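Hi,

Here is the structure I promised to pass on. Have a look first, and my notes follow below.

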Amino acid sequence: MAKSKSIYVCSACGFESGKWYGKCPECGEWNTMTEELQTASSKVSSARKSISAVQQVMKLKDITGDVEKRISTGIKEFDRVLGGGIVLGSLVLISGDPGIGKSTILLQICEYLGRDKYVLYVSGEESANQIKLRANRLGVFTDNLAILSQTDVGTIVETIRTEKPDIVIIDSIQTMTYEECSSSAGSVTQVRECTNIFMYTAKSFGIPIFVVGHVNKDGAIAGPKVLEHIVDTVLYFEGERNYSYRILRGVKNRFGSTNEIGVFQMMQNGLQEVENPSLLMLSGRPKNTSGTCVACVMEGSRPILAEVQGLVTATGFGTPRRMSTGFDYNRMAMLLAVLEKRAGYYFNSMDAYINVVGGLKLDEPSADLTVAMALVSSLKDMVVNENVIAFGEIGLAGEIRAVSHCEQRVSEAHRLGFERCIIPFHNYKALPKELKVNVDIVPVRTIRDAFKALTEE
């Protein structure tokens, strides 16, 4: 019988130690060392032996391009984030808050994949009858979808070996257990070893495997950080529960860009892709109202327009209040300081609020000018024309610095009906002449020039 011993594993980074530490020596996190029981026998090696796949050494010139063939999911927004589709033999981790739509979108793609692919859906949280009820609600009626309610990794791997599915979905990795690991399901050791086994299975058989992962109370992916290093792609669902919009963002992708996002809307019959997010973000925008301006940010290769609202009121306390939703709080404080020092707009006795409509998060410096205009517009009760769009990075000296992909931003604004664009001066020369004729482009050097352009409309 294999001997067991107690070890302490960090739940944040997976560091193992024979004794307990209050602070992890590897990552520096406090109170993350948990006690687990480890057997002396090899865990992963025995599982790998059950997979009868022989790997051969191959030269790069002998590898054909068929290995990189991608499988479409039938959802363009999903394919965009994956880099063009599913890569054979890839291990994809999808994470997000509870109820955000992870299981929903994976079950939806089964309808399209089931037309010519055999899909195995492994669930450790729901019974087959519960999945059937959800499939009926989402309109999934394909005959090539097999359901397996199982949590034992050894049984799942054996089923994959015998059934030979084209695509496997594991929902979720925190419910999976490996019998040679004595710790409970969801522990650091179980999550790490189960993911390792699924990774070896995907590479050996060339089967794409989707793995659903939960998040902890801080919003990070539950389990050790090494989990994200094992998988090929990490996708993260973002969105507020009170909003119907969902954003699928690629955090890691070995087969594509990590800058692309997919926008979805949660409907009664599941997630619906949003092909034009800008129209959705700008719907219901108020007219002839101060404190609102439109920003244009780049999400990968896609320009997205979003409405930024600012509210400035006299404070009722000794210290003015600052609040920001969808925009970095520290950057907002910096912009307020620049507006006071370089432009003469004083907020020292005013409460200031910033809100990005639609639940979108603007983490790009090009939104600086939009936020500044929304704040000054509310402070002076000055209406920014609804046909005006502004973008640019603001420096500490009050200068407007150049941004990337200016031509794409202006073209998207023109396509959606905006007639005037306030842009950095250094981006103006690179714009094509046709765009300058069709759109009233105002190049500005400083924030004073930008506010002056508003009064000259």
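**Cysteines**

Let me start with Cys10, which is buried at a relative accessible area of 0% (buried means under 20% relative accessible area, exposed over 50%, partly exposed in between, with a 1.4 Å probe and protein chains only). One thing to know before going on: this is a predicted model, where local features need pLDDT of at least 70 and side-chain atom pairs count only at pLDDT 80 or more, while totals for chains, interfaces and linings use all residues. Residues are numbered from 1 along each chain as its sequence is written, and side-chain values use heavy atoms, with hydrogens and water left out.

Back to Cys10: what keeps its sulfur from bonding to the closest cysteine sulfur? That closest sulfur belongs to Cys24 and is 3.6 Å away, which is too far for a bond, because a disulfide is a pair of cysteine sulfur atoms within 2.5 Å. Cys421 is in no disulfide either, with the nearest cysteine sulfur, in Cys406, 8.2 Å away. Cys421 is buried too, at 0% relative accessibility.

pLDDT is the predictor's confidence in each residue, from 0 to 100. The protein averages 87, and 91% of the residues score at least 70. Two stretches to treat with care are residues 40–47 and residues 50–54: pLDDT stays under 50 over residues 40–47, and also under 50 over residues 50–54. The model has 15 contacts beyond four places in sequence for residues 40–47, and 10 such contacts for residues 50–54 (contact means heavy atoms within 4.5 Å).

**Salt bridges**

Side chains of opposite charge can pair when their charged atoms come close. Here a salt bridge is a side-chain nitrogen of Lys or Arg within 4 Å of a carboxyl oxygen of Asp or Glu, and by this rule the count comes to 16. Three of them are described here.

- Arg254 and Asp232 meet at 2.6 Å, N to O. This pair links distant parts of the chain, 22 residues apart: Arg254 sits in the loop between β12 (245–253) and β13 (261–267), and Asp232 in the loop between α7 (226–230) and β11 (233–238). (Helices, H or I with at least four residues, and strands, E with at least two, are DSSP runs numbered from the N terminus.) Asp232 is buried at 2%, whereas Arg254 is partly exposed at 46%.
- Asp440 and Arg420 have their closest N and O atoms 3.0 Å apart. They also link distant parts of the chain, 20 residues apart, with Asp440 in strand β23 (residues 440–444) and Arg420 in strand β22 (residues 420–424). Arg420 counts as buried at 14% relative accessibility, while Asp440 is partly exposed at 39%.
- Glu193 and Arg192 pair at 3.6 Å, N to O. Glu193 is buried at 10%, and Arg192 is buried at 11%.

What about shared partners? Which residues do they join into one network? Glu16, Arg192 and Glu193 are joined by salt bridges that share partners.

Most residues other than glycine have a negative phi, and most peptide bonds are trans. Against that background, the peptide bond from Asp171 to Ser172 is cis, with omega near 5 degrees. Ser172 lies in the loop between β9 (167–171) and α6 (188–205).

Asn31 is not a glycine, yet it has a positive phi of about 55 degrees. Asn31 belongs to the loop between β2 (16–17) and β3 (33–39) and is exposed at 64%. His405, not a glycine either, has a positive phi of about 55 degrees. His405 is in the loop between β21 (400–401) and α11, and is partly exposed at 39%.

Glu412 is in helix α11 (residues 406–415). Is Glu412 buried or exposed? Glu412 is buried, at 11%. Leaving aside neighbours within four places in sequence, Glu412 is in contact with Asn276, Ser278, Pro303 and Leu305.

On the surface, Met58, Leu60 and Ile63 form a nonpolar patch with about 340 Å² of accessible area together. Patches are made of residues with over 30% relative accessible area and no salt bridge, where like charges are joined within 9 Å and nonpolar side chains (Val, Leu, Ile, Met, Phe, Trp, Tyr) within 5 Å. Accessible areas come from the Shrake-Rupley method with a 1.4 Å probe, and for residues only the protein chains shown count as cover. Met58 is in the loop between α1 (44–49) and β4 (70–71), and is exposed at 52%.

Best wishes
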